[in-house]
Amino acid sequence: MTANRVGTVLKEIRGEQTQQQFAFDMGVVRETVSKYETGRSHIPQDISRKITQKYDNPKFAITIRNEYTGTGPKWLNGQNVDLHRSSVKEKTVEELQEALDAISNTSLAKPFRKLKLFDYQNVEEVLLEAAEAMTALEHFIAVVCSEANISYTNLWDKHYRELANSGYITT
């Protein structure tokens, strides 16, 4: 269950702090923190924003985003993952190149309703390559921010300001 992953990350963030201390900082009662950590209750948006702003933890941000939407990258924690910054960088370059090659070699000129099954499957494979690249990029940003002590939330704030200044989003 996704909430258990969020609870595990929340426990990591809390560290040596008691549930009571953490609850006070977040404006909730201790029992609520216990429910978050055990997955009996989902963390509401306002509390997840407080946690994200206060602790600036990329792993929490990625995990909570996935819990809310059920989409996007999940925090990689399997037996084959290596989250050292050099390994993450190399894997990101590899995944980006594979995605770029797949996208470059795929024609999207035909209307989708005119595609044959094979063509449609090829489009889906291209999208999977792009999703793999997104996961690699998300971890690259998270790992480097954490190790270099660069604020993950400030980085995204700067990115959003650039998008707004370029007319790609409205604030």
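This briefing describes selected helices, salt bridges and a surface patch. The structure is a predicted model. Its salt bridges come to nine in number, and helix H7, which covers residues 117-148, takes part in several of the features below.

**Salt bridges between helices**
- Glutamate 138 and arginine 65 form a salt bridge through their side chains, at 3.1 Å from N to O.
- Because glutamate 138 belongs to helix H7 and arginine 65 to helix H5 (residues 58-69), this pair ties together parts that are 73 residues apart in sequence.
- Glutamate 138 is buried, at 9% relative accessibility, whereas arginine 65 is partly exposed, at 33%.
- A salt bridge also joins the side chains of glutamate 147 and arginine 85, at 2.5 Å from N to O.
- Here glutamate 147 in helix H7 is linked to arginine 85 in helix H6 (residues 85-104), 62 residues apart.
- Glutamate 147 is partly exposed at 41% relative accessibility, and arginine 85 is partly exposed at 46%.

**Other salt bridges**
- The side chains of lysine 89 and glutamate 90 meet at 3.0 Å, N to O.
- Lysine 89 is partly exposed, with 40% relative accessibility, and glutamate 90 is partly exposed, with 47%.
- Lys91, Glu94 and Glu95 are connected by a network of salt bridges.

**Nonpolar surface patch**
- Leu108, Phe112 and Tyr120 make up a nonpolar patch on the surface, and together they have about 360 Å² of accessible area.
- Tyrosine 120 is located in helix H7 and is partly exposed, at 48% relative accessible area.

**Helix H8**
- Helix H8 has 14 residues (152-165), so at 1.5 Å a residue it should span 20 Å; the end C-alpha atoms are 20 Å apart, in agreement.

How values were computed. Residues are numbered from 1 along each chain as its sequence is written. This is a predicted model: local features need pLDDT of at least 70, side-chain atom pairs count only at pLDDT 80 or more; totals for chains, interfaces and linings use all residues. Side-chain values use heavy atoms; hydrogens and water are left out. Helices (H or I, at least four residues) and strands (E, at least two) are DSSP runs, numbered from the N terminus. The expected span of a helix is 1.5 Å times one less than its number of residues. Patches are made of residues with over 30% relative accessible area and no salt bridge: like charges are joined within 9 Å, nonpolar side chains (Val, Leu, Ile, Met, Phe, Trp, Tyr) within 5 Å. Accessible areas come from the Shrake-Rupley method with a 1.4 Å probe; for residues, only the protein chains shown count as cover. A salt bridge is a side-chain nitrogen of Lys or Arg within 4 Å of a carboxyl oxygen of Asp or Glu. Buried means under 20% relative accessible area, exposed over 50%, partly exposed in between (1.4 Å probe, protein chains only).
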